[in-house]
Amino acid sequence: MKTTQSDLLELILPGLRIAPLLQKDLDDAQAHLDDLTKPQGSLGRLEDLAQRLYAMSGGQAPISVSPAIMLTVAGDHGVADQGVSPFPKAVTRQMVQNFFNNGAAVNVLCKTSGMDLRVVDAGCDGGPYEPHAILIERRLGDGTADMSQGPAMSRETCLKGLRMGVELAHQLADNGYRCLGVGEMGIANSTAGTALYCALLHLDPEQMTGPGAGADPDMVRHKTEIVRRALAANASMLEGDDPINILAALGGFEIVLMAGLMLGAASRRLPVLVDGFICSAAYVAALHICPQLADYAVLSHASAEPGHVRALSKLTGGEARNNPLLHLSMRLGEGTGGAVAYHLLRCAASVYNDMATFSSAGVAGKTC
């Protein structure tokens, strides 16, 4: 018998549910937006965001997306040993230290946009880090196994990672955060992300494999072959389209934890900012676990990684909510796109909360 979405959520955490947005709340929000002192629809996607944020709040105004926190989740990948990245695996650990030292792009952009930042160690090579003010430890191991030889992790480890992500999101919601963002760091994680897209969306590795952190054309061809090997080596786990098995076979510890964070945020009715190529692979996996996640996810930007928009086009179905907000040719990761897009959520909330209505401002509305 096919496993249902409610069964999958129950497997992750008993009682876990994601409530759909209510049409009444969406309609009430639209009525309010249409009464603001502007031509109807003239603020475009800011109005779409405001409508969804109001519905996410359960019909409570004023709506708020502050305070917000970005979670940059780090983990290493056994498939890095196959030479799929121009950078050595040691760079994951070095970049985490750069996050601690406030030297990375995500540090700068979170500070600029007004987001708190935490770095989550989901499983970097080299063992646990020394305690640090912005470190959250949720380790699943010293990096995944090589997915081109077999599963990256066991199903049990995958479920544990999903559960830890959900519980961390719940903890942050309990601490008062009103918006979560997710980002990632992990050498070779674009290879894992590519394999996940191919398995979950039935796409071809040659169409989906890109340069990642800067691979040259020869390395991209090699990377494509490694993705094919991973799909073949894990064929038995990919049968039946079970998203948890697919995540276990092809994912990374950071990808699994991000998927859990997204599900946990949505279960607490919080908007969650999804970053670029790799974060979106975690989103697609989480969406296969619970399609209702789409109500709460905000896709921050269209990555310059060539497979990103191709993969998202399989999700859109004409729905604006599955179209990225920004097109800035970014491909860094870390949560940088989410940090930039967060300002748009703040703008949408302010439009809804603070603009005058036609009646309150004494402005004549449209007469025909």
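Arg-139 and Asp-121 are both buried (buried means under 20% relative accessible area, exposed over 50%, partly exposed in between, with a 1.4 Å probe and protein chains only). The model is predicted, so local features need pLDDT of at least 70 and side-chain atom pairs pLDDT 80 or more, while totals for chains, interfaces and linings use all residues. Residues are numbered from 1 along each chain as its sequence is written, and side-chain values use heavy atoms, without hydrogens and water.

**Salt bridges**

- The whole structure holds 12 salt bridges (a side-chain nitrogen of Lys or Arg within 4 Å of a carboxyl oxygen of Asp or Glu).
- Arg-139 and Asp-121 form one of them, at 2.8 Å from N to O. Arg-139 is in the loop between strand 3 and helix 6, and Asp-121 is in strand 2, so the bridge links distant parts of the chain, 18 residues apart (helices, H or I with at least four residues, and strands, E with at least two, are DSSP runs numbered from the N terminus).
- Lys-89 pairs with Asp-125, with 3.5 Å between the closest N and O atoms. Because Lys-89 sits in the loop between strand 1 (68-75) and helix 4 (90-100) and Asp-125 in the loop between strand 2 (116-123) and strand 3, the pair ties together parts 36 residues apart in sequence.
- Asp-125 is partly exposed, at 27% relative accessible area. Together with Asp-81 and Lys-89, Asp-125 belongs to a network of salt bridges.
- Arg-228 and Asp-204 form another salt bridge, their closest N and O atoms being 3.2 Å apart. Arg-228 is in helix 9 (residues 217-233) and Asp-204 in the loop between helix 7 (189-201) and helix 8 (205-208), 24 residues apart.
- Arg-228 is partly exposed at 33% relative accessibility, and Asp-204 is partly exposed at 29%.

**Ser-148**

- Ser-148 lies in the loop between strand 3 (135-137) and helix 6 (155-174). Its relative accessibility is 6%, so Ser-148 counts as buried.
- The side chain of Ser-148 makes a polar contact of 2.7 Å with that of Asp-146 (a pair of N or O atoms within 3.5 Å; within protein, one must be able to donate a hydrogen and the other to accept it, and residues adjacent in sequence count only if both atoms are side-chain atoms).
- A polar contact of 3.2 Å joins the side chains of Ser-148 and Gln-149.
- Beyond its neighbours within four places in sequence, Ser-148 is in contact (heavy atoms within 4.5 Å) with residues including Val-79, Gln-82, Ile-226 and Arg-229.

**Backbone**

- Most residues other than glycine have a negative phi, and most peptide bonds are trans.
- Cis peptide bonds, with omega about 0°, join Ala-61 to Pro-62 and Ser-66 to Pro-67. Pro-62 lies in the loop between helix 3 (45-56) and strand 1, and Pro-67 lies in the loop between helix 3 and strand 1.
- Ala-188, which is not a glycine, has a positive phi near 80°. Ala-188 is in the loop between strand 4 and helix 7 and, at 7% relative accessibility, counts as buried.
- Ser-329 has a positive phi of about 55°. Ser-329 is in the loop between helix 14 (307-316) and helix 15 (336-354) and counts as exposed, at 62% relative accessibility.
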